[in-house]
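User: I am new to this structure. Please show it to me, then take my questions one by one.

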Amino acid sequence: LNWTIPNWPDLTLNYRRTQTDIFIRPEGPLSDAITTESVSANLSFLHGAGKGDWSSYYQTTQSEFGENGREEEIGSNMSGTLNLLEPVDLTPMWGFTRRVNSRGTMANDRFFANLGSRFRISPTLTLNPGVEFTRDLNRFDALRTDTLSAKLGYAYLAADDSLRVSILGQYILNQTSNTSANPQIYDVSLLFKKDVRDYLNLNHTQQT
């Protein structure tokens, strides 16, 4: 259901149900039947300074065989794009998810927040710095894991789309409550894309 009214936020509602039947053999007895139901809502709004989205969902998974039982998951997040200055965009996002089962052996929470940005230095050059924080809580095992990452991206796109170069570097720090070790990850990636139609002269529309 999509509800759109002029000068009002856009509202979208969804319901979905799926069932998977698993057999021991194609002609054998049923070994498992898994049913998943979910409902979700999304609210989009537009303002002079930017746009935003709020979405929430609730999902249940039921297994008719074995000891899987019933699992429930709920989640919500908000995200947006803020145009505070002409060449600068901010893209914040935050939210949470929670998963539990009927046997009481799983109770997982996740909280996350990140702030991205886009600096348009020129029509062809863009910088994309950002920072993200995630906390995972395993309440059944009393375990907490925090992840902090910082990113910096650079992108060049030629005016005629004949050349694209982008570089992304990020630093990731992990910390778990049951250990004193703090693993750190340094990650760098490079993308280079060049149109070579003028050199190959083939009859294909894409030669990169």
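**Salt bridges, pairs and strands**

Analyst: The count comes to 13 salt bridges, a salt bridge being a side-chain nitrogen of Lys or Arg within 4 Å of a carboxyl oxygen of Asp or Glu. This is a predicted model, where local features need pLDDT of at least 70, side-chain atom pairs count only at pLDDT 80 or more, and totals for chains, interfaces and linings use all residues. Residues are numbered from 1 along each chain as its sequence is written, and side-chain values use heavy atoms, with hydrogens and water left out.

User: Which residue forms a salt bridge with K151?

Analyst: Side chains of opposite charge can pair when their charged atoms come close. Here the closest N and O atoms are 3.8 Å apart. K151 lies in strand β9 (residues 143–157) and its partner in strand β8, so the pair ties together parts 19 residues apart in sequence. Strands are DSSP runs (E, at least two residues), numbered from the N terminus. The partner of K151 is E132.

User: Is D146 buried or exposed?

Analyst: D146 forms a salt bridge with R144, at 3.5 Å between the closest N and O atoms. Buried means under 20% relative accessible area, exposed over 50%, partly exposed in between (1.4 Å probe, protein chains only). R144, at 33%, is partly exposed. D146 has 9% relative accessibility, so D146 counts as buried.

User: How many aromatic pairs does a search of the whole structure find?

Analyst: Rings of Phe, Tyr and Trp (its six-membered ring) pair if their centres lie within 6.5 Å; planes under 30 degrees apart count as stacked, over 60 as edge-to-face and the rest as tilted. The search of the whole structure finds one aromatic pair. Y171 and Y186 form this tilted pair, 5.2 Å centre to centre, with 45 degrees between the planes. Y171 is in strand β10 and Y186 in strand β11 (residues 184–194), 15 residues apart, and the number of aromatic pairs is one.

User: How many bridges join strand β6 to strand β7?

Analyst: Two strands pair if DSSP finds at least two bridges between them. Strands β6 (residues 88–101) and β7 (residues 107–120) run antiparallel. F96 stands opposite F111 in β7. The number of bridges joining β6 to β7 is 13.

User: Which residue takes a positive phi in the hairpin of β6 and β7?

Analyst: This hairpin has five residues between the strands. The phi in question is near 75 degrees, and the residue is G104.

Note on methods: Helix = DSSP H or I, 4+ residues; strand = E, 2+ residues; numbered from the N terminus.
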